[in-house]
Amino acid sequence: VESDKSFVMEVCERTSSDKKGGHLAVRKQDNHLLLRESAQCADEDEKDFQDTEKHRYFNTNNLWIRLDKLQAVIEKNDGVVPLPMIKNSKTVDPSDADSHKVFQLETAMGAAIESFDGAGAIVVGRERFAPVKTCADLLCVRSDAYVTTADHRLVLDAVCEGKPPVIDLSKEYKKVSGLDKLLAAGEIPSLKNCKKLVIKGKVVFSAGTTFAGEVTITNAADEWKTLPAGNYDGHTIEL
């Protein structure tokens with residue numbers, strides 16, 4: 001309220017976990033803030049898009065809008081808020097890369113920021129944002145890397161120092177059924193001391209498993225293989 005901003009977007013500092021998410025940028029011709037999504041990024045610019053030092057902040061989708069300024073934008077644009085169209089390449093069956101290819105057309109709510117004069121952004125901590133867009137995100141928030149506060153908020157454990165573990169799961173875990181197979185033993189491994197976990201191929205975790213540092217587990221075979229229980233710290237394992 002005191003800033004008199006017309007539109008404020010809550011943003012977090014990007015980490016390796018967020019490098020594919022939409023980031024905040026400045027449009028050169030008028031210095032308006034804008035939101036750029038990965039689907040709007042040219043292939044040759046992908047490396048720069050994912051550079052968390054160059055593009056430091058990503059949109060949390062927590063937005064604060066002054067209603068009088070919103071009304072002015074709507075009246076100026078014939079009853080709408082102009083939003084850029086985003087074209088996403090998909091398959092009809094998300095779990096089958098060979099299924100029929102389609103385009104998903106969408107708009108991003110946060111992209112409205114470019115239509116407002118005097119818009120701004122405020123950097124917030126991870127306690128304001130725990131995204132779940134993929135099975136890797138779901139595994140992370142279900143693990144001990146996150147804790148539930150007395151007022152029922154989900155926040156990172158203090159030992160993570162504000163940065164969630166980076167989890168990279170192969171195509172077998174695109175859907176929840178694949179994640180359920182990974183966790184078939186019924187217990188989620190400890191991840192709060194893990195910096196990065198990479199799973200390649202069909203792997204099943206055993207109960208009583210702890211990961212720390214950067215760990216990579218690979219199963220090149222076509223059948224599911226079980227990772228023995230244990231403490232894995234900085235290990236690279238081939239099953």
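Rings of Phe, Tyr and Trp (its six-membered ring) pair if their centres lie within 6.5 Å; planes under 30 degrees apart count as stacked, over 60 as edge-to-face and the rest as tilted. By that rule there are four aromatic pairs. Before the details, some ground rules. This is a predicted model, where local features need pLDDT of at least 70 and side-chain atom pairs count only at pLDDT 80 or more, while totals for chains, interfaces and linings use all residues. Residues are numbered from 1 along each chain as its sequence is written, and side-chain values use heavy atoms, with hydrogens and water left out.

Tyr173 lies in the loop between E10 and H4, and Trp224 in the loop between E13 and strand E14 (225–227), so the pair ties together parts that are 51 residues apart in sequence. Helices (H or I, at least four residues) and strands (E, at least two) are DSSP runs, numbered from the N terminus. Buried means under 20% relative accessible area, exposed over 50%, partly exposed in between, with a 1.4 Å probe and protein chains only. Tyr173 is buried at 2% relative accessibility, whereas Trp224, at 30%, is partly exposed. Elsewhere, Phe205, Phe211 and Tyr232 form one aromatic cluster.

Next, the cores. A nonpolar core is a set of buried Ala, Val, Leu, Ile, Met, Phe, Trp, Tyr and Cys residues joined through side-chain atoms within 4.5 Å. The largest has 27 residues, of which Leu197, Ile199, Phe205, Phe211 and Ile217 touch the most other members. Elements that each supply at least two residues of this core include helix H3 (135–142), helix H4 (176–182) and strand E11 (190–200). The largest share, five residues, comes from H3. A second, separate core has ten residues, among them Phe7, Met9, Leu24 and Val73.

Take Ile199. Leaving aside neighbours within four places in sequence, Ile199 is in contact (heavy atoms within 4.5 Å) with residues including Asp168, Tyr173, Phe205 and Ile217.

For Cys135, the nearest cysteine sulfur is that of Cys140, 13 Å away. For Cys140, the nearest is that of Cys160, at 7.3 Å. Cys135 counts as buried, at 7% relative accessibility, and Cys140 counts as buried at 6%.

Key: Disulfide = S-S within 2.5 Å.
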